[in-house]
Structures are given as C-alpha cells and as structure tokens.
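Please examine the structure shown below together with its sequence. The report that follows is written for a reader who is new to protein structure.

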Amino acid sequence: MTILHERPAGAEPEFGPGRVEPLTEIIPGPRPHGWVRFITSTDHKQIGLNYMVTAFIGFLTAGLMAEGIRTQLAVPNNHFVTLDTFNQLFTMHGTIMLFVFLGPFAFGLANYIVPLQIGAPDMAFPRFNNLSYWLYLGGFLILLFSFMTNNGAADFGWFGYAPLTESIHSPGPGADMWIIGIALTGFSGIFTAVNTISTIFCLRAPGMVMFRMPIFCWNQMVTMFLVLLAFPVLTSAMAMLWLDRHLNTHFYDPNGGGQPILWQNLFWFFGHPEVYILALPYFGVVTEVIATMSKKPVFGYKGMVAATLSIGGLSMGVWAHHMYTTGAVLLPFFAGMSLLIAVPTGIKFFNWIGTMWRGTITLSTPMLFCIGFLMMFLLGGLTGVILAQPPLDFQLHNTYFVVAHFHYVMFGGSVFVVFASIYYWFPKYTGRMLDERLGKLSFVLLFVGFNLTFFPQHDLGLRGMSRRIATYPDNLGYNFLNLLSSIGAYITGIGVIPTLWNIFRSLRHGKIAGDNPWDGQTLEWATSSPPPEHNFEALPPIRSERPLWDANHPDMLTQAGH
C-alpha cells in the first residue's frame, strides 16, 4: 500500500520559485520477501547477489567435476569413470567455470558495487537487469540438465572444436543444450554490459567525473566494452554451428566445403578477450583491496587507467596465439602482440607494489588472497610469455604445461580474487563480518592445495604428458606427479569448506560490521551495511577518486596529493 503525505501549509516550494502545487511524498508499502523478492526484485543489489550466489554454486558444481577428473588421473590405467564420462566432465567443467562462474560472478560485482561506487541509486535499466539474470540462470540450468539426456552432456571439450561438434560426431541433444546454454549466458552478458556502461556514463553523482571513478569501475567499464565486442562473435559462431547441425549447412563441415578452422578463428576471437573479461574486473578488486588495506591512495591512478585501456585494446588483437600449431596464422605478428600485452599488465603489478610500499598494511583475509593472486598470476604470466614464443609453443601446446599456465592465470588469478571480494564486501552485503581465523585457514588450504595441484603439471607438460587424456600407461614417468596433483586437488576442495561454513555461520552470528569496517576509501562504504533500497541518504563531497577517505581524514588530504 502507498501512503501520500501533503506538504505542510506555508512550507517553501521545492521545485522553483512560485511553485504552489502541494508536494506529495511517496512512501512505499511493504516490500516482498523471501522467494518472491528473489524472483521479482529489480534492485541492483539483490540482482548482484543473485548473480554471485548462483555463480558460486556453479563454482562448486564445476569443482566437483574437477575432483572427478583428478581422481581418474591420480594413478595410471585407472577406471574410476568411463572415457565418455571423463570427456563430459572435462567439457562441462571448463564450460561452467568460464561461462557460469567467473564471468557472471564479475557481473554480480558490477551490479552490486558499481552503482554504489559512483553514487547512483540503481542501474540504468532495472527491469532489463532482472531479465539478464534470468537468461543467465536459464543457461546454467540447461547446461546442468544436459547430463540427464540419453547420450549425456557435451563431450567434445569446452572449446567445441569443429568438426567434433557436427551432428555426425556428436548426435545427442547434449551438444544442442551446450549451444543453447552458452548462447543464453552470452545474451545475459551483453545485456549486463549495456546496462553497466549506461549506468557509468549517465548516473554518476555530481563531482564524479571520469577520472574520479574508482579503478574498479574503470575495469568494469572496459570489461563491458570487451563483452559487447566479443560475445556477439561467439553467438554468431554458435548460430552457425546450430545451422550445421539442424539445417544441413556446412560452415564447419569439410565434407560440404566448410572450414573447421573458421570455428577456431571465431571462438578465439571471442576467447582471448574473454580471458581479460574474466581478469580485468578482478584486477579492479585487487586495486581496491590493496589501497584500502595499505591505507594509501592508488599509486599511479592514471597509469592504472591507461594500462586497463591498453589491455582492453590489445586483447582484441592476439586471439590467434591459440592457433600457432594450425599453420594458418602469421606467427611474427601474433607473437609480438602476445608479448606486448604483458607490458600494461606489468605496469599494474608495479602500481600494486607501489601502493603497498610504505603503507600501513593490514594482513586481513582479503589482503592475503590478493597477495596470493599477485604471486600466482605473476607465474601464470611468465609461462604465458613462454607460450607466446612460437618455437616453444609448438613443443608445449598440447601438453599439461598449457593446463598449468591456464589455471595459474584463471584460478590462481581470478578465483583467488573472488574469495578476496567475498571477504572484503561481505560486511557491505550483510552488515556482518566474516570470521578472520576461518578465512585465513581457507586461504592457506587453497594456496597450498592449488600450487600442489598445478605446479607439478608444468613438469608433466615438459615430460610430454598430453592434455585431454583420460588415462596413461605406468611407464612414462607421470605417476608420482599426477598423484601429487590429485592430492593437491583434494586439499583445494577442502579449502573451500571453511569459507562456506564461514558464510553460513556469519549470516546469523557474525560480528556486526558497521558501515565502514575496513576504513574504506570509496562511496560504497559511505552508506549503511547493507545499503537501503535507494542506496544513499547523503553523499560526501567528491573531489578525488577516494571521496570517503577525504571526508573521514581531512588532515591527510595534503599527504594524498589533493
């Protein structure tokens, strides 16, 4: 029910001289709760939480698949799962991690945090925002339900190389559900990108010029432009694959005059920007956490912005370094571009270290996860430089060296920052703190387990172990390293449990956080925890990229250079 209140007699007009109409204040009636709120809400904060919770469920699902894969590979000549089941687990593990977990979790952060950091009351298109989440959830469910079809889920790898995806090789409905599921999550990403870009350009608070936006918002904005450039290419590739399978076209079928390599060009033209779509938002999280936990402004703010823009631009021109071994690409050009993109990433590392330098560092759980990210993403980047060299890539391309490189970038990089973001912003989401002891236990287990899982895989690759195999003989020198890798995978799985228990326990019994428990610098900490539906009762003056710090520490403005 809505109650209307008239302006008291004699009160000053609100909207300009001579205005005499009575002002009516609209007080909303009771809001829906529970499942109804979950289904119908257009509040950016609820939709952001929906994204993040659903994405984390996807992470747990794909993680269980990974445990099955590592159990199969723990010992030689194993029969824990059949070859067909292994291929399904391998395909869906990669698909869910990339399309259901890492990207959509970043979209959830964009939904929740970006409007708060720019002082906006909501996203630009709230109902459009709600639609994007339901498309994403529908795509996730279709991918999961594909396991229940007659022939099981898709089994041709998460990269879907033609002609393995043609109907003659993959006749079951699982492949079609894979196409539809990815297409739906792709449309969801495109809608979220339009909404986020519109919000950033149109709804910033007074004083929030572009070069006063937090680095997190810059990273999300560049990410969303990459989504708009890359996702339609993937959607087009999926549409052509659907036509091949059902209308007897021959885009990828060599028997009908098609070109299987066309799929690789289309998929990796999406796939390499996708690496940075899955990394740039988390770079922004790292920047926010390190600055807050170091009690310093971001070192080289404009340099960080320029590096982010450079990564976005260069990422569109390096897709073919995944295709060196096809013999169909210009090797010097793509090798040079692949090496060049390391430069802006190196600038970010320099600036993160500069932000910590001589800071008053608090080794909280989110800070520990960010330090772990710095170490492991650095190693993933160094192995990326190795793989950017065509002569070396020819030797390593189809080995476990690439598996190790990819996971050090994506898990050691982005997934660790997912955990950092949970511990950093959980007080804002819920008004309660997560337990630091459980958080640090989770960090130690994940750090040890991850490195034990994937560091030996570099050596496995150098020894020649091929990726995408379900078993191996016992006389090739792979046994001990594979057993180590599988033990590490079990430790990694155990490492997630303290965080899950921490979340469930803290929702009811966690310490009350207050509005700004970390002494944060940006506007999301200027409102209550959790924020009201309209986000802000008042905003501090915005004179720099860290307005709340300026308001709370006026004596330090000179030290900050403002």
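The structure is a predicted model. The descriptions below should be read with that in mind.

## How the helices pack

Helix α12 covers residues 365-387 and helix α14 covers residues 400-430; their axes come within 8 Å and cross at roughly 160°. An angle over 145 degrees counts as roughly antiparallel, and α12 and α14 are therefore roughly antiparallel to each other. Their crossing is left-handed. In the contact of α12 with α14, 19 residues are nonpolar and nine are polar, while no charged residues take part.

Helix α12 also meets α8, and here the two axes come within 9 Å and cross at roughly 130°. This angle makes α8 oblique to α12. The crossing in which α8 passes α12 is left-handed.

A further pair is formed by α2 and α4, whose axes lie 10 Å apart and pack at an angle of about 15°. Angles under 35 degrees count as roughly parallel, and α2 and α4 are therefore roughly parallel to each other. Helix α2 passes α4 in a left-handed crossing.

The largest cavity holds about 100 Å³ of space. Its lining consists of 13 residues, and those nearest the centre of the largest cavity are Glu-288, Val-298, Gln-521, Thr-522 and Glu-545. Helix α8, which spans residues 280-294, gives the most to this lining, with four residues. By class, the lining of the largest cavity has six nonpolar, four polar and three charged residues.

The second largest cavity holds about 70 Å³ of space. Among the residues that line the second largest cavity are Leu-98, Phe-99, Phe-107, Phe-231, Glu-274 and Ile-277. Two or more residues of this lining come from each of the elements α3 (83-117), α5 (173-202) and α7 (260-277). Helix α3 gives the most, with five residues. The lining of the second largest cavity divides into seven nonpolar, three polar and one charged residues.

The elements that give two or more residues to the lining of the second largest pocket are α1 (34-40), α2 (44-73), α14 and α16 (479-509).

Which element gives the most to the lining of the second largest pocket? Helix α2 does, with nine residues. In the lining of the second largest pocket, 17 residues are nonpolar, five are polar and one is charged.

Side chains of opposite charge can pair when their charged atoms come close. A search of the whole structure finds four salt bridges. One of the salt bridges joins Asp-176 to Arg-245, and the closest N and O atoms of this pair are 2.7 Å apart. Asp-176 lies in helix α5, whereas Arg-245 lies in helix α6 (residues 215-246), so the pair ties together parts that are 69 residues apart in sequence.

## Backbone details in the loops

Most residues other than glycine have a negative phi, and most peptide bonds are trans. The places described here depart from those patterns.

The peptide bond that joins Ala-162 and Pro-163 is cis, with omega at about 5°. Pro-163 belongs to the loop between α4 (126-145) and α5. A cis peptide bond also runs from Ser-529 to Pro-530, where omega is near -5°. Pro-530 is found in the loop between α16 and α17 (547-552).

Arg-358 is placed in the loop between α11 (342-356) and α12.

Technical notes:
Residues are numbered from 1 along each chain as its sequence is written. This is a predicted model: local features need pLDDT of at least 70, side-chain atom pairs count only at pLDDT 80 or more; totals for chains, interfaces and linings use all residues. Side-chain values use heavy atoms; hydrogens and water are left out. On a 1 Å grid over the protein atoms alone, a cavity is a set of points where a 1.4 Å probe fits but cannot get out, and a pocket is an open set with protein on both sides within 12 Å along at least five of seven lines; lining residues have an atom within 4 Å of a point. Grid points are joined across faces, edges and corners, and a volume is the space filled by probe spheres set on the points. Ala, Val, Leu, Ile, Met, Phe, Trp, Tyr, Cys and Pro count as nonpolar, Asp, Glu, Lys and Arg as charged, and the others, Gly among them, as polar. Axes are lines fitted to C-alpha atoms, for helices over the stretch in contact, and angles run from 0 to 180 degrees between N-to-C directions. Angles under 35 degrees count as roughly parallel, over 145 as roughly antiparallel, 65 to 115 as roughly perpendicular and the rest as oblique. A crossing is left-handed if the near helix is turned anticlockwise from the far one by less than a right angle, and right-handed if clockwise. A salt bridge is a side-chain nitrogen of Lys or Arg within 4 Å of a carboxyl oxygen of Asp or Glu.
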